[in-house]
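Dear colleague,

Please find the structure below, together with its sequence. My notes on it follow.

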Amino acid sequence: MIEIKNIYKKFGKLEVLSNVNLSCKKGECIALIGPNGCGKTTLIKSILGMVLPDKGSIEFNGKTVLKEYLYRENIGYMPQIGRYPDNMTIGQIIEMIKKIRNSTNELDEDLLKAFELEKMFDKKMRTLSGGTTQKVSAVLAFLFNPDVLILDEPTAGLDPLASEILKEKIIKEKEKGKLIFITSHLLSELDDLITEIIFMQDGKVFFHKKVEVLKSETKEDKISRAIAQILKKN
């Protein structure tokens, strides 16, 4: 579904992506992890078309995304920190995005109902807690039933119940055959969700493995321990 071929990106003299090659298929839930500054955010922004690589190509369903934009309609993005107009209400934000997208897809309102956000439609964004803002971001990411979901630290700031609701929704969408990327520093929360791991370091892909292969190679049953063991060896 998404093919990344020989991607390079520099900001000034700093090379933030170096010869990145990845092949990501439908039905996979992939954890994109690595230390701060490893290139994760730049890679995500490149997939979203927010950053243009200096070299290489990105293909979505076999077609290059260069100078294209319609492919983004098939991607739902949940940022780590959502930024919304302070004076607009939750209801106004959601309606505005619906009008901007003007999508013909059937809307997915599972999270809207599960989070009970309709009861808060008249609350202005500036009055919301970080967790409630995260809920709005999650609703918008899933709302247009996209084929690909990119979720940046999705459970950060969520209470335990909301976190479980979101994780159950992620599993449900994975089972429908969607491609899901998750970035997270809380590896313990990913054990039930992910099928593959991409570990980045210094702008390069250190490894890209299926979870069962990673656990088998390291004889560990926890993702965090398996990754720690690989890093110690290298």
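In which helix is the place of Gln92? Gln92 belongs to helix H2. Please bear in mind that the model is predicted.

The relative accessible area of Gln92 is 41%. Gln92 is therefore partly exposed, as that class lies between 20% and 50%. Its side chain reaches the backbone nitrogen of Thr89 at 2.9 Å. Gln92 and Lys123 are 31 residues apart along the chain, and 9.6 Å separates their C-alpha atoms.

The next point concerns how two helices pack. Such a pair is described by the angle between the axes and the distance between them. Helix H2 covers residues 90-101 and packs with H4 at an angle of about 20°, the axes being 11 Å apart. Because angles under 35 degrees count as roughly parallel, H2 and H4 are roughly parallel to each other. The crossing in which H2 passes H4 is right-handed. On the H2 side, the contact is made by Ile90, Ile93, Ile94, Ile97 and Lys98, and on the H4 side by Thr132, Val136, Val139, Leu140 and Leu143. Of these residues, 8 are nonpolar, 1 is polar and 1 is charged.

Helix H4 spans residues 130-143 and also contains Gln134. Gln134 counts as buried because its relative accessibility is 5%, and the cut-off is under 20%. A polar atom of the Gln134 side chain lies 3.4 Å from the backbone oxygen of Glu153. Leaving aside residues up to four places away in sequence, Gln134 touches Met78, Pro79, Gln80, Glu153, Pro154, Ala156 and Leu158.

Yours sincerely

Technical notes
Residues numbered from 1 in each chain as written. Predicted model: local features only at pLDDT ≥ 70, side-chain atom pairs only at ≥ 80, totals over all residues. Heavy atoms only, no water. Helix = DSSP H or I, 4+ residues; strand = E, 2+ residues; numbered from the N terminus. Buried < 20%, exposed > 50% of the residue type's maximum accessible area, 1.4 Å probe, protein only. Polar contact = N/O pair within 3.5 Å; in protein donor to acceptor, adjacent residues only side chain to side chain. Contact = heavy atoms within 4.5 Å. Axes fitted to C-alpha atoms, helices over the stretch in contact; angles between N-to-C directions. Parallel < 35°, antiparallel > 145°, perpendicular 65-115°, else oblique. Left-handed = near helix turned anticlockwise from the far one by under 90°. Nonpolar A, V, L, I, M, F, W, Y, C, P; charged D, E, K, R; others polar.
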